[in-house]
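Visitor: I would like to learn how to read a model like this one. Please take me through it feature by feature.

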Amino acid sequence: MDNQLANQLIDCPITIEDDRTGTTVETLKRALADNLYYIQGKDENFATFYDYYMALAYTVRDRLVHRRIKTAQTYFDKDVKMVYYLSAEFLIGRLLINNLINLGLYEPMQQALKESGLNLDDLLEREEEPGLGNGGLGRLAACYLDSLAALEIPAVGYGIRYEFGIFDQLIADGWQTERPDNWLQFGNPWELPRPDYTVEVKFGGHTEGYTDTDGSFQMRWVPRVTVLGTPYDTPVPGYGNNTVNTLRLWAAKAGEDFDLNTFNAGDYTQAVANKTFSENISKVLYPNDNTLQGKELRLQQQYFFVSCSLQDIIRLYLRKHDTFDLFPEKAAIQLNDTHPAIGVAELMRLLIDEHSVPWKKAWDITRQTFAYTNHTLLSEALERWSVSLFGRLLPRHLEIIYEINRQFMEELQLKYNGDAGKMNRMSLVEEGEDKKIRMAHLACVGSHAVNGVAALHTELVKQDLFRDFYELWPEKFQNKTNGITPRRWLLMSNPELSALITEKIGGNWVKQLDELKKLEAYVDDLEFRSRWRQIKQARKASFASYIHRSNGIEIDPNSLFDIQIKRIHEYKRQLLNVLHVIALYNQIKDNPSIDVVPRTVIFGGKAAPGYFMAKMVIKLVNSVADVVNNDPDVAGRLKVIFVANYSVSLGQFAYPASDLSEQISTAGKEASGTGNMKFALNGSLTIGTLDGANVEIREEVGAENFFLFGLTAQEVVDLKAKGYKPQDYYHSNPALKRVVDQLASGFFSPKDPGLFMPIVSSLLNSDEYMLFADFQAYVDCQARAAEAYRDQDNWTRMSILNVANMGKFSSDRAIAEYCTDIWHVQPVPILLNEYSQSGAGLKVKKVHVV
């Protein structure tokens with residue numbers, strides 16, 4: 001080597017990247033090849049698309065793990081306060097594209113795959129979607145984990161690793177049928193098993209008193225059965241930073257899988273009975289609880305994941321602390337709805353029984369640590385457990401709850417001079433022939449903060465649902481309007497619109513959604529509106545192609561896409577939408593030459609397997625579709641579609657394609673909703689009631705850019721108080737009467753004329769959710785929306801203004817408010833060290849003992 005070349009090499013040192021952490025295209029290509037070869041055990045001569053997907057996922061996971069280890073070490077070294085988010089659901093969606101975008105690897109990985117002869121889009125479709133949630137609750141939890149990481153907040157999400165998630169929905173002869181969601185059948189490359197952190201969870205048995213070595217009287221729980229909880233960790237990366245938090249999901253295992261003596265005695269079923277009982281706990285998301293066994297399994301699930309999580313939280317705390325004096329200063333535990341409310345009693349049990357903390361101190365710690373988010377005003381969702389069931393499964397917790405309640409009742413007795421009515425309403429125990437434990441009350445009493453999830457919802461919580469508790473502790477109650485992550489619901493779901501927005505206002509909106517307000521400067525720009533409309537049209541065409549592939553029905557991308565995709569429930573009023581569709585159909589039949597705005601009405605959503613009326617609504621949608629879509633008089637001007645198996649991925653398809661978003665729940669019934677936000681963020685206009693977050697969306701986007709109809713929450717209450725008579729509306733509205741009579745006569749079910757009589761009877765005799773009262777206002781509002789759609793240029797203008805004013809509805813804003821007002825936590829930036837060969841390799845100083 002000559003001296004000139006040597007000097008050049010000295011002046012220009014070679015940068016070396018680790019194949020497991022590097023991010024250049026060349027390094028990623030090597031990593032993909034290595035993971036295919038050494039983890040999948042294949043080369044390109046034998047590899048399938050699945051193998052290539054797994055190699056890609058492991059390549060991305062390596063970069064997550066690198067950041068995750070540094071994140072965990074930083075949290076430990078600084079002894080930071082952690083947020084622990086307990087939720088029965090985490091509807092996280094597909095993770096590959098989310099992780100690529102948050103790590104900033106999307107483009108280099110796309111190029112690395114292209115140079116390797118592969119296509120990223122093909123591999124993205126190979127990923128199984130974890131169905132670990134049923135709807136808005138689980139999706140909100142996933143959005144909040146994303147925002148916690150984006151804001152660099154130390155956090156862990158805790159839930160259940162359901163072996164079978166929310167069922168796969170099939171439509172057979174118009175009916176919903178359910179098939180197990182076997183999302184783990186090919187393994188999950190994102191999760192990291194942590195068997196060394198396995199904990200024991202007790203069920204059943206009895207309690208007994210004893211005297212400890214200090215001469216103090218203590219209680220001991222002697223369980224009938226012990227189940228093991230094994231954690232599986234999924235990394236959660238922050239967008240544009242080095243933070244990688246953790247979603248820790250618990251799987252139930254038997255303490256003893258197999259009884260060899262019983263097996264040898266010939267009782268093969270009983271030999272594995274303990275294994276069956278244990279593993280059933282994390283087998284299925286939300287088992288049908290129409291039976292006693294189903295109710296029992298639901299309670300087992302709730303206690304299982306809460307106990308596992310609290311034991312884990314205590315383990316993490318005790319790594320740095322010898323006493324529990326600082327526990328509330330180091331742990332903020334959020335109860336995501338009422339499912340994890342048993343955590344109040346469980347933390348008390350762990351503190352007083354397992355760690356010998358005196359009752360008063362344990363109660364102070366518990367109340368300072370927990371906060372509770374209420375997500376529903378529906379009584380059936382507030383978790384009331386039979387005392388007999390509770391005592392049989394959780395005898396020690398029943399004792400603890402009784403003691404909490406005794407002390408609480410003494411407090412109320414003094415404050416309210418023995419007001420029996422108030423005390424009965426506030427008691428943790430609902431008296432009656434079948435006594436019940438009120439879990440929402442336990443959450444209120446055992447938490448230092450209680451919040452609703454939209455301004456209207458919070459007022460209803462304070463003035464109706466928990467009125468007595470609000471009067472007692474007004475300082476506890478506050479509002480935290482829900483939000484959605486713009487990373488998944490705009491950047492990822494609608495890349496073309498995202499690119500246009502970034503071109504005009506820069507890319508900071510991805511982390512500061514208020515920046516979208518700058519789009520208002522372009523609302524009168526003809527060229528900008530034209531490009532906006534072209535993007536919407538392209539997304540509609542793409543969704544139309546999907547529907548043609550999945551349903552075999554051709555739809556017109558130029559028609560008004562009127563979409564209602566959400567969990568099927570009577571209060572969400574998919575049925576009201578169907579009644580309007582039938583009324584529209586009748587208009588066309590009466591005058592086939594009528595000039596109507598072509599409309600495609602798209603439904604989607606799953607009904608709980610045991611929810612008869614919701615499943616009947618799905619059948620009705622499909623029966624109406626059969627008639628409408630095949631009637632030559634309609635001539636394609638009205639189409640009805642039910643898209644099966646709604647999921648996060650399907651939502652990412654549907655929201656950008658929508659023109660009109662159906663948010664039509666009975667006012668006062670929807671806590672917040674987040675689908676309304678996802679539609680609006682993608683430029684869909686809303687037709688809706690003043691319910692949930694609709695109220696705030698309308699305030700933000702402007703009344704003129706929102707199609708409002710229907711009774712207010714107070715008007716609903718007043719009308720019911722006066723004596724609501726649905727038959728009065730039926731007899732006084734010819735269009736409504738005709739629609740209902742068609743259902744009753746079997747017009748849409750000629751082979752079974754009485755099929756829809758349960759719907760008709762429910763509407764005529766009770767109409768719990770007041771469809772008849774809102775019917776005419778809804779029909780009139782739909783007519784206004786259709787007329788507005790004729791002016792495409794102005795419709796586009798309204799669409800832009802909707803997007804421009806959605807900044808408030810970022811989950812980043814919501815999480816920042818939780819951090820300031822409830823959790824009192826601060827961001828902790830994570831700094832990565834650059835890779836160096838000299839620093840590589842193990843340098844063991846101490847082996848950690850769990």
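Visitor: Where is Asp-774 found?

Guide: Asp-774 is found in helix 33. Helices (H or I, at least four residues) and strands (E, at least two) are DSSP runs, numbered from the N terminus. Before going on, note that this is a predicted model, in which local features need pLDDT of at least 70, side-chain atom pairs count only at pLDDT 80 or more, and totals for chains, interfaces and linings use all residues. Residues are numbered from 1 along each chain as its sequence is written, and side-chain values use heavy atoms, with hydrogens and water left out.

Visitor: Is Asp-774 buried or exposed?

Guide: Buried means under 20% relative accessible area, exposed over 50%, partly exposed in between (1.4 Å probe, protein chains only). Asp-774 has 2% relative accessibility, so it counts as buried.

Visitor: Which residues is Asp-774 in contact with?

Guide: Contact means heavy atoms within 4.5 Å. Setting aside neighbours within four places in sequence, Asp-774 is in contact with Arg-573, Thr-689, Phe-709, Gly-710 and Leu-711.

Visitor: Now the whole chain. How many helices and strands does the protein have?

Guide: The protein has 35 helices and 23 strands. Its radius of gyration is 29 Å, close to the 29 Å that the globule rule gives for 850 residues, so it is as compact as a globular protein of that length. That radius is taken over C-alpha atoms, and the rule is 2.2 Å times the number of residues to the power 0.38. Along the principal axes, the C-alpha atoms fill a box of roughly 95 × 85 × 60 Å.

Visitor: What share of the residues counts as buried?

Guide: Of the 850 residues, 57% count as buried. Now look at sequence separation. Among contacts with a separation of 6 or more, 76% come from residues 24 or more positions apart.

Visitor: How do I check the geometry of a helix, say helix 31?

Guide: Compare the expected span with the model. The expected span is 1.5 Å times one less than the number of residues. Helix 31 has 12 residues (734-745) and should span 16 Å; its end C-alpha atoms are 16 Å apart, which agrees.

Visitor: Which residues of helix 31 are buried?

Guide: First, the general idea. An α-helix has 3.6 residues a turn, so residues three or four places apart point the same way. In helix 31, the buried residues are Leu-736, Val-739, Val-740, Gln-742 and Leu-743. They cover an arc of only 150° around the axis, which puts them on the same side of helix 31. The arc is that of the directions from the helix axis to the C-beta atoms.

Visitor: What do the buried residues of helix 31 pack against?

Guide: Their partners are helix 24 (574-590), helix 25 (612-629), helix 30 (726-732), helix 32 (757-765) and helix 33 (771-790).

Visitor: What lies at the two ends of helix 31?

Guide: At the start, a side-chain oxygen of Asn-733 reaches to within 3.1 Å of the backbone nitrogen of Ala-735. After the helix comes Gly-746, whose phi is positive, near 90°.

Visitor: Which residues of helix 22 are buried?

Guide: In helix 22 (residues 495-505), they are Leu-497, Ser-498, Leu-500, Ile-501 and Ile-505. They cover an arc of only 160° around the axis, which puts them on the same side of helix 22. These buried residues pack against helix 21 (486-492), helix 23 (526-551) and helix 34 (792-804). Gly-506 follows helix 22, with a positive phi near 85°.

Visitor: Which residue other than glycine has a positive phi near 45°?

Guide: That is Asp-767. Its place is in the loop between helix 32 and helix 33. At 1% relative accessibility, Asp-767 counts as buried. Met-770 is not a glycine, and its phi is positive, about 60°. Met-770 is placed in the loop between helix 32 and helix 33. Met-770 is buried, with a relative accessible area of 1%.

Visitor: Which side chain does His-375 join through a polar contact?

Guide: A polar contact is a pair of N or O atoms within 3.5 Å; within protein, one must be able to donate a hydrogen and the other to accept it, and residues adjacent in sequence count only if both atoms are side-chain atoms. Here, a polar contact of 2.7 Å joins the side chains of His-375 and Asn-336. His-375 is in the loop between strand 12 (370-373) and strand 13 (384-386). At 15% relative accessibility, His-375 counts as buried.
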